[in-house]
Amino acid sequence: METGWVRELRECVVVTGMVLRAAPSGEGDRRLVMLTRERGRITVFARGARRPGSPFLAACRPFSFGTYRLYEGRDAYNLQGAEITAYFEELSADIGRACYGSYFLEVAEYFSRENLDGTELLTLVYQSLRALLKESIPDELVRRIFELKTMVLNGEYTELPPLPVSDSACYTWEYVTAAPLGKLYTFTVTAEVLAEFGRCVDEAKRRFLPHHFRSLDILEAVAGP
């Protein structure tokens with residue numbers, strides 16, 4: 001006899017995406033929130049993913065990025081298989097960078113929408129996680145670029161910095177708002193300019209993003225405000 005969830009299955013779909021959040025479900029399953037290129041934010045159930053030896057174990061970790069084969073159900077998807085191209089395991093080995101990465105995932109979950117193209121936001125998250133692994137760019141600069149560019153993608157920002165700043169900080173703001181995603185993390189700034197830039201991003205968040213992110217509390221406790 002078919003179970004209820006099997007009867008709900010409609011078709012197999014292939015998506016490129018990243019696991020934003022994973023939580024236990026039932027006795028041995030996992031419930032995933034994913035950001036995908038093709039369908040935006042989706043909910044995926046991985047049957048048996050918490051059981052020893054499950055082939056889904058690694059594919060269900062947050063930060064896992066790759067191609068996922070899914071069966072489409074009435075209200076969610078069910079995982080059939082996955083080919084992971086990036087686990088970002090280096091982030092897990094560094095508590096500070098892991099906090100930055102977790103914050104990026106929470107922001108992406110907040111901004112993403114179901115059944116809408118998620119290509120730009122997914123690309124931004126992926127590039128930002130890669131930037132965290134670079135020694136040549138400060139983690140805090142990666143965060144500020146990510147925050148501003150996320151607001152830009154969502155149409156919530158000012159063309160010029162919302163506070164009076166130096167020419168260098170103004171140029172940084174203008175560059176981030178206009179640069180293609182692949183060129184965002186190609187520069188660095190002095191500590192003074194980063195502080196100015198950060199204050200402007202905070203002001204933009206105050207105006208356009210009145211949402212409290214719990215992962216940011218953890219990040220600032222670990223890395224400092």
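Is glutamate 72 buried or exposed? In this predicted model, glutamate 72 is buried, with a relative accessible area of 14%. The residue falls below the 20% limit for burial. Its charged partner is arginine 39, and the closest N and O atoms of this salt bridge are 3.3 Å apart. Arginine 39 sits in the loop between β2 (29–36) and β3, while glutamate 72 belongs to strand β4 (residues 65–72), so the contact ties together parts that are 33 residues apart in sequence. Arginine 39 is partly exposed, at 23% relative accessibility.

The structure holds 17 salt bridges. A further one pairs aspartate 139 with arginine 97, again with a closest N and O distance of 3.3 Å. Aspartate 139 is in helix α5 and arginine 97 in helix α3, so this pair ties together parts that are 42 residues apart in sequence. Aspartate 139 counts as buried at 19% relative accessibility. Arginine 97 is buried too, with a relative accessible area of 12%.

Elsewhere, salt bridges with shared partners join Glu140, Arg143, Arg144, Glu147, Asp202, Lys205 and Glu220 into one network.

The largest pocket has a volume of about 320 Å³. Its lining comprises 14 residues, and Leu20, Arg21, Ser102, Glu106 and Glu109 lie nearest the centre. Two or more lining residues come from each of β1 (12–25), α3 (95–111) and α8. Helix α3 gives the largest share, five residues. By class, this lining has seven nonpolar, three polar and four charged residues.

The second largest pocket has a volume of about 210 Å³. It is lined by 14 residues, with Phe111, Ser112, Asp117, Leu121 and Leu153 nearest its centre. The elements β3 (40–46), α4 (119–132) and α5 (139–153) give two or more residues each to this lining. Its residues divide into five nonpolar, five polar and four charged.

A nonpolar patch lies on the surface. Ile95, Ile218 and Val222 form this patch, with about 290 Å² of accessible area together. Valine 222 is placed in helix α8 (residues 214–223). At 42% relative accessibility, valine 222 counts as partly exposed, and patch residues must have over 30%.

Backbone geometry was also considered. Most residues other than glycine have a negative phi. Phenylalanine 88 has a positive phi of about 55°, although it is not a glycine. This residue occupies the loop between β5 (77–86) and α2 (89–92). Phenylalanine 88 is buried, with a relative accessible area of 5%. Asparagine 115 likewise has a positive phi, near 60°. Asparagine 115 lies in the loop between α3 and α4. With a relative accessible area of 59%, asparagine 115 is exposed.

Definitions and conventions:
Residues numbered from 1 in each chain as written. Predicted model: local features only at pLDDT ≥ 70, side-chain atom pairs only at ≥ 80, totals over all residues. Heavy atoms only, no water. Patch = residues over 30% accessible without salt bridge, like charges linked within 9 Å, V, L, I, M, F, W, Y side chains within 5 Å. Areas by Shrake-Rupley, 256 points an atom, 1.4 Å probe, with all protein chains shown as cover. Salt bridge = Lys/Arg side-chain N within 4 Å of Asp/Glu carboxyl O. Helix = DSSP H or I, 4+ residues; strand = E, 2+ residues; numbered from the N terminus. Buried < 20%, exposed > 50% of the residue type's maximum accessible area, 1.4 Å probe, protein only. 1 Å grid on protein atoms, 1.4 Å probe; cavity = no way out; pocket = protein on both sides within 12 Å on 5 of 7 lines; lining within 4 Å. Points joined across faces, edges and corners; volume = space filled by probe spheres on them. Nonpolar A, V, L, I, M, F, W, Y, C, P; charged D, E, K, R; others polar.
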